[in-house]
Amino acid sequence: PRGARAPRRAAIVRASAGDRADPVSGPDVQVIADSSAKPGVPMSVSRRRALGVSAAAAAAAFLDASSRPALAEFQTSNEYMPSLEGKDYGKSKYVYPDFVQLPDGLQYKTMKEGTGAEMTSGKKAVIDWDGYTLGYYGRPFEARNKSKGGAFTGDDKEFVRFTADDPKIIPAFREAVLGMRAGEIRRVIVPGGSELSYPQGRKWKTMGPQPSNFSGERALGFVLENEGMIDKTLLFDIELIRVDDK
């Protein structure tokens with residue numbers, strides 16, 4: 001009899017032109033065009049199926065990209081560093097492939113060749129230098145020759161003079177100048193907390209070379225006197241002005 005059964009409700013399936021037919025079909029399925037549907041998405045009873053496929057594809061692409069190795073200009077190796085003595089964790093040491101690495105950890109690279117006299121253990125080096133807190137934002141604490149603007153504005157500074165056995169100069173400088181020729185510029189990387197660098201804490205002021213102004217002294221002191229997890233690696237550009245007799 002009429003009205004004995006409830007009227008069947010037609011299901012509405014949105015589809016875009018050119019999509020393949022959905023396996024769900026029949027007299028109770030009404031298909032209407034959907035101009036907002038993206039081309040290439042199969043026709044389905046619900047948008048959730050298409051969104052699920054898109055999400056799975058995005059996740060697969062992300063995992064594929066994240067599995068690729070990152071590029072870097074240096075290599076790292078985990079090893080014990082003196083500055084972390086008494087603590088139970090290691091520290092990464094940066095190894096720069098284009099630098100010469102010495103057994104004690106000092107790394108250097110010749111930036112400009114020199115043609116003058118060679119510095120030996122029986123001579124006195126006269127140098128100019130730059131200094132940067134390489135392990136902490138690369139902040140400069142000394143500028144070579146004329147200042148480079150800002151806090152380093154001023155007259156020419158005095159050159160640093162020392163011999164290869166001068167106990168008042170940090171070991172990194174004494175070692176780095178050996179074999180240099182007058183006019184040569186050598187870039188030197190000193191591992192943080194090593195015996196090649198300045199003494200720990202406020203004692204760093206007892207050894208040279210020292211920054212020639214307050215701004216540089218503050219920048220270097222902040223790093224060397226800090227007891228937190230600050231990388232104390234330093235970078236120097238050493239220019240050998242000339243070689244004198246003792």
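At 41% relative accessibility, K205 is partly exposed, a class that lies between buried (under 20% relative accessible area) and exposed (over 50%), using a 1.4 Å probe and protein chains only. The structure you are looking at is a predicted model, where local features need pLDDT of at least 70 and side-chain atom pairs count only at pLDDT 80 or more, while totals for chains, interfaces and linings use all residues. Residues are numbered from 1 along each chain as its sequence is written, and side-chain values use heavy atoms, with hydrogens and water left out.

Let's stay with K205 for a moment. Its side chain meets that of E217 in a salt bridge, at 3.4 Å from N to O. E217 belongs to helix α3 and K205 to the loop between β10 and α3, so this pair ties together parts that are 12 residues apart in sequence. Helices (H or I, at least four residues) and strands (E, at least two) are DSSP runs, numbered from the N terminus. E217 is partly exposed too, with a relative accessible area of 29%.

A salt bridge here is a side-chain nitrogen of Lys or Arg within 4 Å of a carboxyl oxygen of Asp or Glu. By this rule the count comes to 10. Side chains of opposite charge can pair when their charged atoms come close. Here are some of the pairs:

| Pair | N to O distance |
|---|---|
| R144 and E239 | 3.0 Å |
| E217 and K205 | 3.4 Å |
| D244 and R242 | 3.2 Å |

R144 is partly exposed at 21% relative accessible area, whereas E239 counts as buried at 19%. These two residues also join D130 in a network of salt bridges.

Now for the backbone. A cis peptide bond joins G208 and P209, with omega about 5°. P209 lies in the loop between β10 (185-190) and α3 (214-224), and K205 is also in the loop between β10 and α3.

The other spot is Y137, whose phi is near 65°, a positive value in a residue other than glycine. Look for Y137 in the loop between β7 (123-133) and β8 (139-142). With 66% relative accessibility, Y137 counts as exposed.
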